[in-house]
Amino acid sequence: MKKIWILTAALANFLLAAVNLNTATLEELKSIKGIGETKAKAILEYRQEQNFTSVEDIKKIKGIGEKTFESIKDSITVQ
C-alpha cells in the first residue's frame with residue numbers, strides 16, 4: 001500500500017510540474033528538457049507580444065518544431 005501511495009504522489013508531482021508558458025520565468029523555461037537559454041528568451045519575447053493560447057503555439061518559436069514539441073508537450077501548459 002505504501003508503494004502505491006508513493007507512486008501516486010510521484011505521478012501527481014509530475015503532472016503538477018508542467019511549466020505554464022504564460023507565466024514561467026527564464027529559469028523555469030530552461031528547466032524544460034530541450035529548451036536552453038536562447039529558446040527560453042525567444043519564448044519570453046513572444047509572450048511580450050501575445051499570450052500563448054495553446055501549447056501548440058510554442059511551435060511558433062524559431063527552433064521549436066514538431067520533434068521538439070512532441071518531446072516537451074507533456075511538460076508544458078497554457079493557462
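Q: Why is K73 called partly exposed?
A: K73 has 33% relative accessibility. The model is a predicted one.

Q: What makes K73 and E70 a salt bridge?
A: Their closest N and O atoms are 2.9 Å apart. The rule asks for a Lys or Arg side-chain nitrogen within 4 Å of an Asp or Glu carboxyl oxygen, so the pair counts.

Q: Why is E70 called partly exposed?
A: E70 stands at 40% relative accessibility. That value falls between 20% and 50%, so E70 is partly exposed.

Q: Why is D57 called buried?
A: The relative accessible area of D57 is 9%. Buried means under 20%, so D57 qualifies.

Q: Is K60 buried or exposed, and how do you know?
A: K60 is exposed. Its relative accessibility is 54%, and exposed means over 50%, so the label holds.

Q: What makes K60 and D57 a salt bridge?
A: The closest N and O atoms of K60 and D57 are 3.6 Å apart. The limit is within 4 Å, so the pair counts.

Q: How do you know that E66 and K59 form a salt bridge?
A: Their N to O distance is 3.0 Å.

Q: Which residues are linked in a network of salt bridges?
A: E27, K30, E37 and K41 are. By the rule, the count comes to 6 salt bridges.

Note on methods
Residues numbered from 1 in each chain as written. Predicted model: local features only at pLDDT ≥ 70, side-chain atom pairs only at ≥ 80, totals over all residues. Heavy atoms only, no water. Buried < 20%, exposed > 50% of the residue type's maximum accessible area, 1.4 Å probe, protein only.
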